[in-house]
Structure formats: structure tokens, C-alpha cells
Amino acid sequence: MAKSNEVKLVQANESKTATAVTPSVDCLNFNEVCIEMNITNVSGTLPTLDMVIQHSHDNVNWSALYTFPQKIAVGIGVRYIPDGTVYGFLRYIRGSYTIGG
């Protein structure tokens, strides 16, 4: 049976100010992934957020699965990825982000 649990890569209200990757999530029994990027606060002169969702078959070698359009203000971005399609995901996923400004 496929898991339908909500998994948060970055918790709400966590301030981020650099380049980093999130902990990976094992999606072995997932049949879909819905990724929501919810930006609730920005600061700086010209704030930017570049977020790439990456996937891996072994939790070591990573490749880009989806790149969100660059964010410069408060807002939400959502990406739904069903498994088994041309956009299907591998076993592990994580977020990689760069914050500027």
C-alpha cells in the first residue's frame, strides 16, 4: 500500500539565510509526490530563493528532478509529480536551495 504521509523538507517558520540541502526523504512506497514551497517572509535588499528538488536511487548520487521558478517575494509554489511517468521520481528526494539578497 502506498504511503500518503505529508513529509516536510523544511519546517514552517525556520529562517534560512544560506545555501543548503534538506535531509532526504525515503519514498520507497510512495506513488506520488506533491511538493509545496511556501514562502512566508523575505528580507534583504533584493531577496531571491532558488529551489531545486533532487532525486537519487542510492541517497548518494543526486540529480535535478524539478526546479522551481526563482522566488523574490512571499508566495507559494506547488509541483505534483506522479511516479511511473516521464517525470517519475527515484527512491529518495531532497531540496537544494540558495538564498540571496
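Is Arg-91 buried, partly exposed or exposed? Arg-91 is partly exposed, with a relative accessible area of 34%. Please keep in mind that this is a predicted model.

## The salt bridge

Let us stay with Arg-91 for a moment. Its partner is Asp-26: the two form a salt bridge in which the closest N and O atoms are 2.8 Å apart. Arg-91 sits in the loop between strand E6 (75-82) and strand E7 (92-100), while Asp-26 belongs to strand E2 (residues 25-26), so the pair ties together parts that are 65 residues apart in sequence.

Asp-26 is partly exposed as well, its relative accessible area being 32%. The count for the structure comes to one salt bridge. In general, side chains of opposite charge can pair when their charged atoms come close.

## The aromatic pair

The structure also holds one aromatic pair. The ring centres of Tyr-66 and Phe-68 are 5.0 Å apart and the planes meet at 85°, so the pair is edge-to-face. The cut-off behind that label is an angle over 60 degrees. Phe-68 is buried, with a relative accessible area of 5%.

## Around Tyr-66

Now for the surroundings of the tyrosine. Tyr-66 is placed in strand E5, which spans residues 63-67. Setting aside neighbours within four places in sequence, Tyr-66 is in contact with Met-51, Val-52, Ile-53, Arg-79 and Ile-81.

Another residue to look at is Gln-54, which is 12 residues from Tyr-66 in sequence. In space, the C-alpha atoms of Tyr-66 and Gln-54 are 6.9 Å apart.

Key:
Residues numbered from 1 in each chain as written. Predicted model: local features only at pLDDT ≥ 70, side-chain atom pairs only at ≥ 80, totals over all residues. Heavy atoms only, no water. Helix = DSSP H or I, 4+ residues; strand = E, 2+ residues; numbered from the N terminus. Contact = heavy atoms within 4.5 Å. Phe/Tyr/Trp six-rings, centres within 6.5 Å; stacked < 30°, edge-to-face > 60°. Buried < 20%, exposed > 50% of the residue type's maximum accessible area, 1.4 Å probe, protein only. Salt bridge = Lys/Arg side-chain N within 4 Å of Asp/Glu carboxyl O.
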